[in-house]
Amino acid sequence: MAIAGQFTIEDTKQAIPTTMHAAVYRGINDVRVETVAVPQIGPGELLVRVHTCGICGTDLKKIASGSHSAPRIFGHETSGVVAAVGQRVGQFKPGDRVVVFHHIPCRECYYCRHQTFAQCETYKKVGCTAGFEPSGGGFAEYVRVMDWIVEQGTVRIPEGVSFEQACFVEPVNTCMKGIDTLQLVPAESVLVIGQGPIGIILATLAKRSGTRVITSDLYPERLTISNTYGLQNNIDASRADTVKTVREQTEGRGADAAILAVGGSGLIRTAMDAVRPGGRVLLFAQTVRGEATIDPAAICVDEKTLLGSYSASVELQADSARFVMSREMELERLISHRFSLSSSVEALKLAANPQPDSMKIVIQAGRS
């Protein structure tokens, strides 16, 4: 029996077409729904029929900045059904429901030995594509999963778990990596700035580690959603001074740690000011290179630590899959908008210009 909104077993028996629709990046802020060839797979590879692909902020920044050459098909938070398997693939078969990572490191180089996996040259090679330069490919009807991703970065979706829930495995992994980077200690106070989907996941994971979490956002609507996940100590930044309120709650010191889950650099100073002397600040969403204003004395004299965390960790792959598939957190409730592939340009525009009522936005290839 199929879960509502998912493919049935009969769906997986459909003949694979030669062409498909995809949201193709053609240049800065230029994405078009086009007809492209269904990617061919080789030995050791999979062809996955996409069901749901979440829109990630990093994809939006690539589209807006022109940092990557065109044409490309982005999208990497991908869940779907195996449509075909290449020679020598024994662990998967057509009809299997899966979620795929798009990066897997070599585990042998200098950076892997130091567990800085995102800097590994193999990790930087994208292992999923819907055509053109490999870029994830989830904003398409079918995606080709290359052999090293099939072997180490493809996760089965258990029965009873929706594609929408499963597509959060990769973003949850990135959040777990950020929380590990902060090395939180139970009973510490943590400020999470930004309560979009990623901010809520980060705050939930911080609370899970035993800390006292304070959340802040400019949108009261987002704080209302955050509340439903048990994150009830919040600051409406449109009405209250975040730094002052955090200090009032921490005997004047400031939080032990802060996580900046909002893109751009304008709130780095706020995060630094909100933590106590000796505290830590994690930059999680600052993925566009440029300059930012900080107070160097806050790092030197006040001994505050500025940290960064980017992308996923292969060491946390099993943990993130277990967290998502066990439904310890009802992640699909974070989805506010579901768009068909034919409406993907509209979906990307909304994601790039978030509204008070918009949270996680997904593109679903089978949606009409």
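I looked for charges over rings first. The charged end of Lys125 sits over the ring of Trp148, 4.9 Å from the ring centre. I also found Arg333 over the face of Tyr229, at 4.2 Å from the ring centre. My rule: NZ of Lys or CZ of Arg must be within 6 Å of the ring centre and within 35 degrees of the ring normal.

I noted that this is a predicted model, where local features need pLDDT of at least 70, side-chain atom pairs count only at pLDDT 80 or more, and totals for chains, interfaces and linings use all residues. Residues are numbered from 1 along each chain as its sequence is written, and side-chain values use heavy atoms, with hydrogens and water left out.

Next, aromatic pairs. Rings of Phe, Tyr and Trp (its six-membered ring) pair if their centres lie within 6.5 Å; planes under 30 degrees apart are stacked, over 60 edge-to-face, the rest tilted. I counted two aromatic pairs. The ring centres of Tyr25 and Phe74 are 5.4 Å apart and the planes are at 50°, so this pair is tilted. Both Tyr25 and Phe74 are buried (under 20% relative accessible area; exposed is over 50%, partly exposed in between, with a 1.4 Å probe and protein chains only). Tyr110 and Tyr111 pair edge-to-face, with 5.4 Å between centres and 90° between planes. Tyr111 is partly exposed, at 39% relative accessible area.

Last, which cysteine sulfur is closest to that of Cys112? It is the sulfur of Cys109, 3.8 Å away, too far for a bond. A disulfide needs two cysteine sulfur atoms within 2.5 Å. I counted zero disulfides. Cys112 is buried at 5% relative accessibility, whereas Cys300 is exposed at 61%.
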